[in-house]
Amino acid sequence: MTDVRSARTGGADYRPMTDGTLAPYLAGFSEVAAILGGAAQDWKVTEVGDGNLNLVFIVRGPRGSLIVKQALPYVRLVGDSWPLPLDRSFFESQALMIEDAAAPGLVPKVVLFDAMQALVVMEILTPHIIMRKGLIDGVEFPLFAATLSEFMAQSLFKTSDLYLPAAEKKRQMAVFCANTELCRITEDLVFTDPYRAAKLNRWTSPQLDDIALEFRADGPLKAAAQAMKLKFLSHAEALVHGDLHSGSIMATSTDVRVIDPEFAFFGPMGFDVGALIGNLILAYLSQIGHEDKKGGRDAYRAWILRQITDVWTLFSARFVELWSTEGKGDAFTAELFTDAASRAALAEEQARYMRALFEDTLGFAGCKMIRRILGLAHVADFESISDKDLRASGERRALRLGRDLVVNRTRFADIEAVAAAVVAADATR
């Protein structure tokens, strides 16, 4: 991992790339040219970025292809009125390399990080599609739950005090502590803005005007959301992806990969797990707007519901397995738990730990669901529904369930109870 002092990106020579300037620039890097083959004039560059923050290009050569992602000095979704540091490309490249070491083959390989131009060149994923688009189109991904549970278990466990020596964890934390601007976006957009009259808030109006006002006056909800924000601010449990949702996953029927960890930092593990589950719930509740007739997506709803339960069940089992077999960090020192009585005591503590992580997961899931409907950046699952009344009806159910997950996160017995609540919420359509 690069030293924190190398996190300075951009400079006097920084310039946003274009279809015409990228190939000549990349020609100066032998590792890139070796993969693409030929010379710069033989390469085809296509801008494909449709995200909120960055430029993204596909570069195709005679021998192979690559993805290039370049940070802009502002939030692309909003424009240059919202400046943003270029350092986020550094954090993304570092996170990808750490995640690849922890969970090999589950993220794209980094080929090059160029600090001067704030860009990352990485393995292209093809014929993968963004999972969110698949969820809208009713596509099933057979390896999704197994892959994401493995990714989260490995990447979270192996950057935690359960696995790392304290000094090494602190060294890694020191690097990612500098990712303050992207953390601030999350702190505001996820945990605070949906509960106040923020300038950038938007929602399906006028259909949701009443519930938006209601949530801004909801004391218990605001207190619970701020309790989750405090965990986000203060619980440096592991390196979290920071933006793990269906738009940050590329998949086929035979492969699933996690992309875009530029929001990575050391925070609460439940933030990643909750973000993923919350987005799956949104996908489930949005199916009302993607079926040709009532009930036409019921089989697909059942598939999504299985992903919700399987993700948590597989993740929690794998995490505890890793803890029991590879727990060599400075927390829960392994040599203290070699006899039968001590191992039994450790198992009880592991159960308590996972219960707390489950409750965090639900709280963060609910916060994510609410912010995706009342905040700045919405999800295509709902936004692609042209009938505003139909869209708002699904969003309203998601808001009610999201509130329940945040406020009553300690009352859900298990993931099956969450799944039952999802089905009950949808049954009111």
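Me: How do the residues lining the second largest pocket divide into nonpolar, polar and charged?
Reply: Keep in mind that this is a predicted model. The pocket holds about 200 Å³ of space, and 14 residues line it. By class, the lining residues divide into nine nonpolar, four polar and one charged.

Me: Which lining residues are the closest to the centre of that pocket?
Reply: Happy to point you there. Helix 6 (166-176), helix 7 (180-191), helix 9 (219-234) and strand 12 (265-267) each give at least two residues to the lining. The closest to the centre are Cys 177, Cys 183, Leu 233, Phe 265 and Phe 266.

Me: Is strand 3 mostly covered or mostly open, and how many of its residues are buried?
Reply: Let's look at its neighbours before its surface. Strand 3 pairs with strand 2 (residues 54-60), and strand 3 also pairs with strand 7 (residues 119-123). Strand 3 itself, residues 65-71, is mostly covered, and the number buried is six of seven.

Me: Which residue of strand 3 is the bridge partner of Asn 54?
Reply: Strands 2 and 3 are joined by a hairpin through four residues. They run antiparallel, with seven bridges between them. In strand 3, the partner of Asn 54 is Ala 71.

Me: And in strand 7, what is the bridge partner of Leu 66?
Reply: Here we turn to another pairing of strand 3. Strand 3 and strand 7 are antiparallel over five bridges. The strand 7 residue bridged to Leu 66 is Glu 123.

Me: What span does helix 5 reach from its first C-alpha to its last?
Reply: Helix 5 covers residues 144-157, which is 14 residues. At 1.5 Å a residue, the expected span is 20 Å. The model comes close to that, with a span of 19 Å.

Me: How many residues of helix 5 are buried?
Reply: Buried here means under 20% relative accessible area. Helix 5 is mostly covered, and the count of buried residues is 12 of 14.

Me: Which residue of strand 10 stands opposite Ile 129?
Reply: Strand 8 pairs with strand 10 (residues 249-251) in the antiparallel sense, over two bridges. Across from Ile 129, the residue in strand 10 is Ala 251.

Key: Residues numbered from 1 in each chain as written. Predicted model: local features only at pLDDT ≥ 70, side-chain atom pairs only at ≥ 80, totals over all residues. Heavy atoms only, no water. Buried < 20%, exposed > 50% of the residue type's maximum accessible area, 1.4 Å probe, protein only. Pairing = 2+ DSSP bridges. 1 Å grid on protein atoms, 1.4 Å probe; cavity = no way out; pocket = protein on both sides within 12 Å on 5 of 7 lines; lining within 4 Å. Points joined across faces, edges and corners; volume = space filled by probe spheres on them. Nonpolar A, V, L, I, M, F, W, Y, C, P; charged D, E, K, R; others polar. Expected span 1.5 Å × (residues − 1).
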